[in-house]
Amino acid sequence: MIELKNVSKTYANGTKGLNRISLSVDKGEFVVIVGLSGAGKSTLLRSINRLHDITEGEIIIDGSSITRASGKRLRRIRRDIGMIFQSFNLVKRTTVLRNVLAGRVGYHPTWRTILGLFPKPDQELAFQALERVNIVEKAYTRADELSGGQQQRVAIARVLAQEAKIILADEPVASLDPLTTKQVMDDLKRINQDLGITTIVNLHFIDPARQYATRIIGLRAGEVVFDGPVEDATDEK
Ligand code: ADP
Ligand code: ADP
């Protein structure tokens with residue numbers, strides 16, 4: 001589903017974010033990437049979705065090279081990839097429903113969507129997505145009136161409405177308390193199991209990783225220092 005071949009990312013200032021990473025993630029896997037701040041976790045996820053270009057190597061998504069794609073083909077590949085961020089990245093001053101519909105209609109509003117005229121199938125999909133993360137009663141609430149955990153669940157619903165095949169979650173629980181962390185991680189895990197969405201989650205603590213991951217990848221200074229089943233992962237790694 002996702003294959004990285006000898007991938008390096010060097011930033012403009014010379015910092016090496018990733019150093020010759022090769023790995024592959026199968027369809028339906030729930031992978032947690034762990035590593036201290038600065039280890040390269042975020043660089044890795046941003047490279048997979050090509051939010052930035054890599055310096056060396058190639059990344060293949062579902063058989064297509066995202067590294068070589070451009071224009072329509074790049075947009076096509078990206079449609080299958082949903083991103084979740086630490087800071088939720090919702091449109092604050094608009095409703096939950098509109099935020100979720102943004103996953104559906106893309107980031108290019110038309111005069112119809114600006115007027116709130118969303119096609120019925122899109123609305124149904126958005127409500128289904130909100131139900132899946134148990135937040136349907138907030139559909140008409142403004143996004144910035146929700147708690148952090150609720151906002152993150154809206155961000156998950158947006159990715160579901162997008163009908164993404166891959167979820168990349170960059171420190172999705174870093175700003176949440178332990179109880180909310182559990183809710184968000186439970187949601188991600190349930191969605192992975194029910195819908196078979198390939199999921200990669202970045203975390204800077206190994207503890208939540210142990211509970212949820214089927215596989216842990218440890219990063220340090222842009223290199224893979226561990227890759228295996230949860231049982232074998234220790235704190236030193
Ligand atoms: P993590 O997500 O594990 O905290 P990052 O991927 O954010 O790590 O960072 C990996 C390395 O790349 C760090 O040394 C960081 O300082 C550096 N880095 C990240 N983004 C940039 C950037 N835009 N410009 C220069 N260096 C960067
Ligand atoms: P454009 O070049 O037209 O501004 P982009 O290259 O930013 O468009 O995005 C191309 C497609 O990828 C769009 O359909 C957009 O919805 C989708 N996309 C962009 N960024 C993300 C993201 N972080 N997560 C999911 N989809 C994204």
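Visitor: In which sense do strand S9 (residues 215-220) and S10 pair, and over how many bridges?

Guide: Strands of a sheet pair through backbone hydrogen bonds, either parallel or antiparallel. Here S9 and S10 pair in the antiparallel sense, over 5 bridges; two strands count as paired if DSSP finds at least two bridges between them. Helices (H or I, at least four residues) and strands (E, at least two) are DSSP runs, numbered from the N terminus. This is a predicted model, where local features need pLDDT of at least 70, side-chain atom pairs count only at pLDDT 80 or more, and totals for chains, interfaces and linings use all residues. Residues are numbered from 1 along each chain as written, chains are lettered from A and ligands numbered from 1 in the order written, and side-chain values use heavy atoms, without hydrogens and water.

Visitor: Which residues in S10 are the bridge partners of isoleucine 217 and glycine 218?

Guide: Isoleucine 217 has aspartate 227 as its partner, and glycine 218 has phenylalanine 226. The hairpin of S9 and S10 has 2 residues between the strands, and alanine 221 takes a positive phi near 45° there.

Visitor: What is the order of the strands in the open sheet?

Guide: The 6 strands run S6-S7-S8-S3-S9-S10, with mixed pairing. S6 (81-85) and S10 (223-228) are the edge strands, each pairing on one side only. From one strand to the next, the twist averages 15°. Angles run from 0 to 180 degrees between N-to-C directions, and axes are lines fitted to C-alpha atoms, for helices over the stretch in contact.

Visitor: Which strands does helix H6 touch?

Guide: Helix H6 (residues 148-161) packs on the sheet against S6 and strand S7 (166-170), where contact means heavy atoms within 4.5 Å. The direction of H6 makes about 170° with that of S6.

Visitor: Now the ligand: which atoms of ligand 1 lie close to lysine 41 and glycine 40?

Guide: Read these as polar contacts, pairs of N or O atoms within 3.5 Å. An oxygen atom of ligand 1 lies 2.8 Å from a polar side-chain atom of lysine 41, and an oxygen atom of the ligand is 3.0 Å from a polar backbone atom of glycine 40. The side chain of tyrosine 11 has an N or O atom 3.5 Å from a nitrogen atom of ligand 1.

Conventions
A polar contact is a pair of N or O atoms within 3.5 Å; within protein, one must be able to donate a hydrogen and the other to accept it, and residues adjacent in sequence count only if both atoms are side-chain atoms.
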